Amino acid sequence: MNKRLVAILSGIALLLVAGIVFLFHSLFSVNEENDGEYEPHTQIVNAIPADAVAFVETEKLSDIFNMADQGSLLKPFLGILPEKSLRWEAVTSLLYSSKNRVSPLLVLNIPEREDPSEFEMLLKEKCSGVIDKRYSSHIIHCSTVPAISFCIYGNVLIASPSIVLVESSLRHLEEGGSIVDNPCYSNVSGIKAEQGILHVNHSNIGKFFSGTVNSRYIGYSSFFKNFARWSSF
């Protein structure tokens, strides 16, 4: 192999390495210049439990509705929500709900102009086989069709196919703690976007792996922690 070809190949290799480094730095680096406290895009992020794997916050529920496909566990419930609610602030997250199972959690901000109790009754009327369960001072409605558990907390709707996650969200709200209290969360760049922001908590990715892939791959989840503890897109 002549020296010119070696030089060309070496240059290409260096460019590829530089590109990969820049890509990972862009995706996984945190904003070290941000010494102030990061303000969530919407305050209902405070309803997301601290052990969330990832969550999407958006100014409009319609963004989450369009993102969820027909196989989503939330899609049937999203389909019965009144059309006006598609313009309300919303957050959806993925959490480890039980052994080898990752489930979604939906948090919807009910505007002040709306009556939360009327909204709650409307949802109950659209659901079938509803059984009420008391959790602390709150009532969780467990529906058979669609398969969902939901509760109104002040002006916030909390819903999930897993009642465990609804209870966890209520517990975090009552105790005043949530995912935003994670020590490294304040270092995440305070980016904003019209169609929502995806946050990934790398320290909890192992829980996601355990619920979605074969157990022998769980060890690879630590790969992401080598770059950053959080990432936002």
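Two strands pair if DSSP finds at least two bridges between them. Helices (H or I, at least four residues) and strands (E, at least two) are DSSP runs, numbered from the N terminus.

The model treated here is predicted: local features need pLDDT of at least 70, side-chain atom pairs count only at pLDDT 80 or more, and totals for chains, interfaces and linings use all residues. Residues are numbered from 1 along each chain as its sequence is written, and side-chain values use heavy atoms, with hydrogens and water left out.

**Exercise 1. Confidence**

Determine which residues have a pLDDT under 50.

Solution. Step 1: pLDDT is the predictor's confidence in each residue, from 0 to 100. Step 2: for the protein chain the average is 77, and 63% of the residues score at least 70. Step 3: over residues 23-38, pLDDT stays under 50. For that stretch the model has 28 contacts (heavy atoms within 4.5 Å) beyond four places in sequence. Step 4: where pLDDT is low, the predicted coordinates should not be read in detail.

**Exercise 2. The hairpins**

Identify how β4, β5, β6 and β7 are linked.

Solution. Step 1: strand β4 (residues 131-135) pairs with β5 in the antiparallel sense over five bridges. R134 has I139 of β5 as its bridge partner. Two residues lie between β4 and β5 in their hairpin, and S136 in the turn has a positive phi of about 55°.

Step 1: β5 and β6 run antiparallel and are joined by three bridges. Here C142 has S149 in β6 as its bridge partner, and the hairpin passes through four residues.

Step 2: β6 and β7 also run antiparallel, with five bridges; F150 has A159 in β7 as its bridge partner. Their hairpin has two residues between the strands, and G154 in the turn shows a positive phi of about 65°.

**Exercise 3. Strand β7**

Decide whether β7 is enclosed or open, and explain why.

Solution. Step 1: a residue is buried under 20% relative accessible area, exposed over 50% and partly exposed in between (1.4 Å probe, protein chains only). Step 2: five of the five residues of β7 are buried, so the strand is largely enclosed by the rest of the structure. Step 3: in a regular strand the side chains alternate between the two faces of the sheet. In β7, V156, I158 and S160 are buried on one side, and L157 and A159 are buried on the other. V107 stands opposite I158 of β7.

**Exercise 4. Helix α4**

Which residues of α4 are buried, and how are they arranged?

Solution. Step 1: in helix α4 (residues 116-126), the buried residues are F119, E120 and L123. Step 2: seen down the axis of α4, they fall within an arc of 100°, so they line one face of the helix; the arc is that of the directions from the helix axis to the C-beta atoms. Step 3: the face turned away from this buried side carries the exposed residues E118 and E125. Step 4: the buried residues of α4 pack against α3 (75-80), β3 (101-109), β5 (138-143), β6 (148-153) and β7 (156-160).
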